[in-house]
Amino acid sequence: CLISRIFFIHNMIEQKKLAARIIEMVRKDQAVRLRAYKENWPLKKRLKIKKIDEKHCVAMKRIIADYGWPTIRMVGMKGAHAAWMLVQHADEDPAFQRLCLGMMQKAFKEKQALPSDVAHLTDRVLLNAKKKQRFGTQFCVRNGVREPYPIMDSKNVDKRRIEYGLPRITTAIRAHNALLK
């Protein structure tokens with residue numbers, strides 16, 4: 001009984017450290033992206049973002065190899081969301097994104113991944129495969145206006161979005177365009 005209790009405590013400490021590590025990577029990820037946005041970095045300087053994404057991709061591969069997908073039970077809601085964000089930005093490795101999506105979908109079925117994170121990564125994986133997105137979470141700017149990339153079965157997109165905890169597509173479009181003002 002004492003040995004199992006010690007193992008349990010050790011495991012909890014490891015999971016807290018893992019959560020902190022993932023959250024710190026996202027803090028750096030978001031800081032550089034915010035700075036690039038505020039300072040309107042030229043394309044050449046934006047390579048710094050790509051280098052950070054690649055570094056975080058390598059780190060996430062190691063984490064997943066060592067622990068499996070960082071679920072809510074394992075790293076908390078904030079840690080699980082942070083893990084998704086790092087994978088979402090791993091566009092240079094679409095095979096890794098697909099692998100993680102499969103793990104997230106399994107975790108989602110067990111209520112161990114956020115539905116909106118699964119929806120976002122689903123769309124990212126589809127777009128990286130040159131396919132239409134399912135949920136309309138990925139946007140581009142055309143003629144100074146943000147709009148979603150093409151959506152499969154767009155007539156039923158709101159039904160899918162609501163099922164995954166996302167606002168209606170018109171609300172999302174308004175919110176994305178407010179960012180340009």
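Tutor: We start with helices and strands, which are DSSP runs (H or I of at least four residues for helices, E of at least two for strands), numbered from the N terminus. This is a predicted model, so local features need pLDDT of at least 70 and side-chain atom pairs count only at pLDDT 80 or more, while totals for chains, interfaces and linings use all residues. Residues are numbered from 1 along each chain as its sequence is written, and side-chain values use heavy atoms, with hydrogens and water left out.

Student: Where does N40 lie?
Tutor: N40 is in the loop between helix 1 (2-39) and helix 2 (47-67).

Student: What is phi of N40 near?
Tutor: In general, most residues other than glycine have a negative phi. Phi of N40 is near 50 degrees, a positive value in a residue other than glycine. Another such residue is K111, with a positive phi near 60 degrees, in the loop between helix 4 and helix 5 (115-128).

Student: Is N40 buried or exposed?
Tutor: The words have cut-offs: buried is under 20% relative accessible area, exposed is over 50%, and partly exposed is in between (1.4 Å probe, protein chains only). N40 is exposed because its relative accessible area is 60%. K111 is exposed too, at 70% relative accessibility.

Student: How do strand 1 and strand 2 run?
Tutor: Two strands pair if DSSP finds at least two bridges between them. Here 4 bridges join strand 1 (residues 139-142) to strand 2 (residues 145-148), and the two run antiparallel. V141 stands opposite R146 in strand 2. The hairpin of these strands has 2 residues between them, and N143 takes a positive phi near 50 degrees.

Student: How many salt bridges does the structure hold?
Tutor: A salt bridge is a side-chain nitrogen of Lys or Arg within 4 Å of a carboxyl oxygen of Asp or Glu. The structure holds 13 of them. In one, K61 meets D93 at 2.4 Å, N to O. K61 lies in helix 2 and D93 in the loop between helix 3 (72-88) and helix 4, so this pair ties together parts that are 32 residues apart in sequence. In another, E147 meets R142 at 2.4 Å, N to O.

Student: What does the charged end of K61 sit over?
Tutor: A charge sits over a ring if NZ of Lys or CZ of Arg is within 6 Å of the ring centre and within 35 degrees of the ring normal. The charged end of K61 sits over the ring of F96, 5.6 Å from its centre.

Student: How many aromatic pairs are found?
Tutor: Rings of Phe, Tyr and Trp (its six-membered ring) pair if their centres lie within 6.5 Å; planes under 30 degrees apart count as stacked, over 60 as edge-to-face and the rest as tilted. A search of the whole structure finds 2 aromatic pairs. F108 and Y164 form a stacked one, 5.1 Å centre to centre with 25 degrees between the planes. F108 is in helix 4 (residues 94-109) and Y164 in the loop between helix 6 and helix 7, 56 residues apart. F108, F135 and Y164 form one aromatic cluster.

Student: Which helix holds N177, and what does this residue touch?
Tutor: N177 is in helix 7 (residues 169-178). Contact means heavy atoms within 4.5 Å. N177 touches V145 and R146, not counting residues up to four places away in sequence. N177 is buried because its relative accessible area is 16%.
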